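Please walk me through this structure, one feature at a time.

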Amino acid sequence: MVKEMRVAGLQNPSSLSLHKKTPFFIKSVVAVLLLGLAFRLFSSHSFEYSSVVDTPAAASLPPAADHLLTSQKGEAKCDLFVGDWIRDPSGPMYTNATCHFIQGHQNCMKNGRPDSEYLYWRWSPRDCKLPKFNGERFLHLMRNKSWAFIGDSISRNHVQSLLCILSQVEPAKEIYRDKEDKTKTWYFSSHNFTLGVIWAPLIVRADVFEDINGVSTSDIQLHLDKVDEKWSSQYKNYDYVIIAGGKWFLKTAIYYENDKVLGCHYCHGKNLTELGFEFAYRKALQLVFNFITGSSHKAVVFFRTITPDHFENGEWFSGGTCKRTVPFKEGEADMKDVDRLMHDIELQEFEKAATLGSQREINLKLLDMTRLSLLRPDGHPGPYRQFHPFATNKDAQVQNDCLHWCMPGPIDSWNDLIMEMLVNG
């Protein structure tokens with residue numbers, strides 16, 4: 001900037017003429033003033049530049065920190081996943097009357113849940129504004145694109161939330177479902193947009209022996225060196241992917257590599273090495289991330305972290321309940337040890353994958369839903385996973401669901417975060 005000012009001055013004919021007629025004293029004063037101005041400009045510019053370069057937050061950004069956005073003041077980076085649940089008087093973007101994608105056991109309003117306070121909160125990052133999801137804009141961005149949700153029943157819960165919002169803009173037509181009614185595909189014809197959910201609860205190859213009620217006849221056989229083909233065979237068909245592991249890794253399982261038994265998790269009496277679920281979860285994530293970063297297909301991949309459950313006074317099988325009706329505030333809830341361990345593994349493996357992915361031009365994004373989900377013990381169906389469970393007996397013993405989310409409910413805010421990362425990430 002200073003150099004340009006000096007050159008411009010020398011190229012001005014009138015200034016040259018004036019300079020010849022100026023007494024020595026005045027020339028000296030002008031020179032001093034110009035030098036002082038130049039120093040001021042230079043030092044000011046240098047200070048601004050160094051303040052940007054030396055900002056610790058910017059220097060320590062991970063390779064795929066799309067969840068860190070410029071704050072409203074433009075001074076630092078805002079972590080979308082650090083914030084609070086704030087009151088939202090406008091309420092949900094849909095109801096059980098306007099959306100037919102809600103499964104019965106998550107239709108809390110229809111099933112008779114008596115309170116409605118849980119519907120009037122939305123996620124708000126601490127240092128930046130998070131706009132509400134805009135269905136029209138999302139569909140516009142997704143014109144001629146395709147999107148897959150890969151994972152377990154939480155992934156299914158999430159895709160149904162997205163469908164409920166998008167269907168307020170354009171009806172979605174179901175174009176595929178498997179015979180188990182777990183893998184489905186929908187089509188938005190006006191935008192040539194395809195949206196699918198692929199049932200792959202363990203994300204690697206798994207032989208599962210469970211009935212529709214989750215009752216096992218044999219232990220899961222988990223192959224830690226083979227990606228689940230149900231999603232890997234379709235991966236190249238999708239422009240965007242949200243993939244997640246989760247609670248299925250806590251189930252009793254026998255672990256295999258090269259079709260040989262390595263050990264197991266919680267397999268008492270089988271004379272096998274107890275390796276623990278954390279061993280399998282880390283190996284599975286490494287395998288999945290290696291597949292993604294090694295693929296020639298350049299999809300935009302979101303990795304979603306686990307969502308904690310909120311069972312109190314027991315688990316789902318031992319009388320656990322979730323009766324809270326308002327969100328926790330920061331500091332009022334701690335993660336269970338098992339959730340903390342799984343979350344730590346996820347962050348560690350994602351960071352390694354993101355570093356490798358950035359070198360190979362693979363777009364990996366982190367959806368860290370764990371902490372914000374922890375703060376919503378009020379958002380689950382609880383006993384209202386069933387239709388009016390206390391209609392005939394107000395003291396009935398009813399199995400609670402404190403893992404999945406009511407719809408509408410807290411899971412709808414997840415779409416706000418995805419939209420923001422798409423637009424500004």
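In this predicted model, Cys-78 and Cys-128 form a disulfide, with their sulfur atoms 2.1 Å apart. A disulfide is a covalent bond between the sulfur atoms of two cysteines. What is the handedness of the disulfide of Cys-78 and Cys-128? The torsion about its S-S bond is about -50°, so the disulfide is left-handed. The pair links distant parts of the chain. Cys-78 sits in strand E2, residues 77–79. Cys-128 sits in the loop between strand E4 (121–125) and helix H5 (135–141). The two cysteines are 50 residues apart.

Residues count as buried when their relative accessible area is under 20%. Cys-78 has a relative accessible area of 0%, so Cys-78 is buried. Cys-128 has 6% relative accessibility, so Cys-128 counts as buried too.

Move on to another disulfide. Cys-99 is joined to Cys-164, with an S to S distance of 2.0 Å. The link of Cys-99 and Cys-164 is left-handed, with -75° about the S-S bond. Cys-99 lies in the loop between strand E3 (83–87) and E4, while Cys-164 lies in helix H6 (residues 153–166), so the pair ties together parts that are 65 residues apart in sequence. Are these two cysteines buried or exposed? Cys-99 is buried, because its relative accessible area is 5%. Cys-164 is buried, because its relative accessible area is 0%.

Next come Cys-264 and Cys-267. A disulfide joins them, with 1.6 Å from S to S. The torsion about the S-S bond of Cys-264 and Cys-267 is about -45°, so this disulfide is left-handed. Cys-264 has a relative accessible area of 0%, so Cys-264 is buried. Cys-267 counts as buried because its relative accessibility is 8%.

How many disulfides does the structure hold? The structure holds five disulfides. Count the bonded cysteines along the chain, and the pattern reads 1-4, 2-5, 3-10, 6-7, 8-9.

Turn now to strand E5, residues 146–151. Six of its six residues are buried, so E5 is largely enclosed by the rest of the structure. Take the two faces in turn. On one side, Ser-146, Ala-148 and Ile-150 are buried.

Which strands pair with E5? One is strand E8 (residues 193–199), which runs parallel to E5 and is joined to it by six bridges. Another is strand E11 (residues 240–244), which pairs with E5 in the parallel sense over four bridges. Follow Ala-148 to see both pairings. In E8, the bridge partner of Ala-148 is Gly-196. In E11, the bridge partner of Ala-148 is Val-241.

A further sheet has four strands. It is open, its order is E9-E10-E12-E13, and its pairing is mixed. Which strands stand at the edges? They are strand E9 (204–207) and strand E13 (260–265). Each has a single partner strand, so one side of each is left without a neighbour in the sheet. From one strand to the next, the twist averages 30°.

Look at one pairing in this sheet. Strand E12 (residues 253–257) and E13 run antiparallel and are joined by five bridges. Ile-254 stands opposite Cys-264 in E13. Recall that Cys-264 is joined by a disulfide to Cys-267. Helix H8 (residues 277–294) lies across E9, strand E10 (220–227), E12 and E13. H8 runs at about 35° to E10.

Finally, go back to H6, the helix that holds Cys-164. The axes of H6 and helix H11 (residues 412–424) come within 9 Å and cross at roughly 80°. Angles of 65 to 115 degrees count as roughly perpendicular. H6 and H11 are therefore roughly perpendicular to each other. Which residues meet in this contact? From H6 come Ile-154, His-158, Ser-161, Leu-162 and Ile-165. From H11 come Asp-412, Trp-414, Asn-415 and Ile-418. The residues of this contact divide into five nonpolar, three polar and one charged.

How values were computed:
Residues are numbered from 1 along each chain as its sequence is written. This is a predicted model: local features need pLDDT of at least 70, side-chain atom pairs count only at pLDDT 80 or more; totals for chains, interfaces and linings use all residues. Side-chain values use heavy atoms; hydrogens and water are left out. A disulfide is a pair of cysteine sulfur atoms within 2.5 Å. Buried means under 20% relative accessible area, exposed over 50%, partly exposed in between (1.4 Å probe, protein chains only). Two strands pair if DSSP finds at least two bridges between them. Axes are lines fitted to C-alpha atoms, for helices over the stretch in contact, and angles run from 0 to 180 degrees between N-to-C directions. Contact means heavy atoms within 4.5 Å. Angles under 35 degrees count as roughly parallel, over 145 as roughly antiparallel, 65 to 115 as roughly perpendicular and the rest as oblique. Ala, Val, Leu, Ile, Met, Phe, Trp, Tyr, Cys and Pro count as nonpolar, Asp, Glu, Lys and Arg as charged, and the others, Gly among them, as polar.
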